[in-house]
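Please look over the protein shown below before reading on.

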Amino acid sequence: MPTTLGAAPPPGLLDSCSIGAPAATVASWIDMAVILDITISLDGFVTGPDDAVQALHEWAVGDDRTEQDVEQLATLTAATGAVVMGRHTFDVVDGPDGWNEDMHYGADQGDVPPPCFVVTHRPPEHVRLTDRMTIVTTGLRDALDQATAAAGDKDVFIMGGGELGGSALRDGVVDKLHLHVAPVLLGAGTGLFEGSRVTLRIDEAATVVTRNAAHLYYDVVR
């Protein structure tokens with residue numbers, strides 16, 4: 001879902017949205033988790049052939065979501081200290097039809113939006129949500145360092161898209177994998193697992209299945 005970017009920002013805008021936070025040390029990662037939390041189709045796609053995602057996210061934003069769906073959403077939102085996302089996800093949520101006061105990270109759950117770190121090789125010309133977006137042009141690990149420093153005692157969530165999530169799995173930087181598997185077959189689109197070889201251990205007690213999604217929680221076994 002490409003978004004047309006606006007005019008060049010006023011001086012200093014990109015500076016305030018680019019790298020500048022101190023890098024976290026390895027020791028600061030010990031008491032928190034890097035979590036890849038993403039919704040996928042039953043056949044493993046995070047978007048459809050035309051970038052469509054609405055059918056996947058009925059559990060989070062649909063009119064027919066269940067009380068258990070909302071409980072999952074609220075719990076995950078409360079656990080989030082910082083968010084890491086890829087450029088395509090940024091273009092969607094920062095676009096004119098993206099996040100707003102009523103629908104934001106965590107859908108309609110949570111009051112204060114967490115800081116977000118955008119991994120991209122091309123800084124955007126315009127950032128709408130300047131109160132929460134930091135643009136990182138030096139790679140995923142630098143974004144995770146900055147997110148860890150900003151997350152406090154909460155976890156860092158990688159929210160997508162599929163390319164960034166797959167890269168995080170292949171690079172071995174993910175501690176936990178949360179999959180919200182929608183009862184939808186897309187047939188094609190953006191996959192998540194290509195090239196990934198990871199051993200997972202499911203948290204059976206945390207698993208919840210509703211009519212909109214199977215909420216599956218895994219620890220990455222190293």
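What follows is a short report on salt bridges and on a pocket.

## The model

This is a predicted model, in which local features need pLDDT of at least 70 and side-chain atom pairs count only at pLDDT 80 or more, while totals for chains, interfaces and linings use all residues. Residues are numbered from 1 along each chain as its sequence is written, and side-chain values use heavy atoms, with hydrogens and water left out.

## Salt bridges

Side chains of opposite charge can pair when their charged atoms come close. The structure holds 6 salt bridges (a salt bridge is a side-chain nitrogen of Lys or Arg within 4 Å of a carboxyl oxygen of Asp or Glu). One of them joins the side chains of D64 and R211, with 3.0 Å from N to O. This pair links distant parts of the chain, 147 residues apart, since D64 sits in the loop between α2 (58-61) and α3 (67-79), and R211 in the loop between β10 (208-209) and β11 (214-221); here helices (H or I, at least four residues) and strands (E, at least two) are DSSP runs, numbered from the N terminus. D64 is partly exposed at 41% relative accessible area, whereas R211, at 55%, counts as exposed (buried means under 20% relative accessible area, exposed over 50%, and partly exposed in between, with a 1.4 Å probe and protein chains only).

A salt bridge also forms between D108 and R65, whose closest N and O atoms are 2.5 Å apart. D108 lies in the loop between α4 (87-93) and β4 (116-119) and R65 in the loop between α2 and α3, so the pair ties together parts that are 43 residues apart in sequence. D108 is partly exposed, at 36% relative accessibility, and R65 is partly exposed, with a relative accessible area of 22%.

## The second largest pocket

Rolling a probe the size of a water molecule over the atoms shows where empty space is left. The second largest pocket has a volume of about 150 Å³. A pocket is an open set of points, on a 1 Å grid over the protein atoms alone, where a 1.4 Å probe fits, with protein on both sides within 12 Å along at least five of seven lines, and lining residues have an atom within 4 Å of a point; the volume is the space filled by probe spheres set on the points.

Among the residues that line the second largest pocket are T77, H104, Y105, D111 and K154. The lining divides into 5 nonpolar, 5 polar and 2 charged residues.

Notes. Ala, Val, Leu, Ile, Met, Phe, Trp, Tyr, Cys and Pro count as nonpolar, Asp, Glu, Lys and Arg as charged, and the others, Gly among them, as polar.
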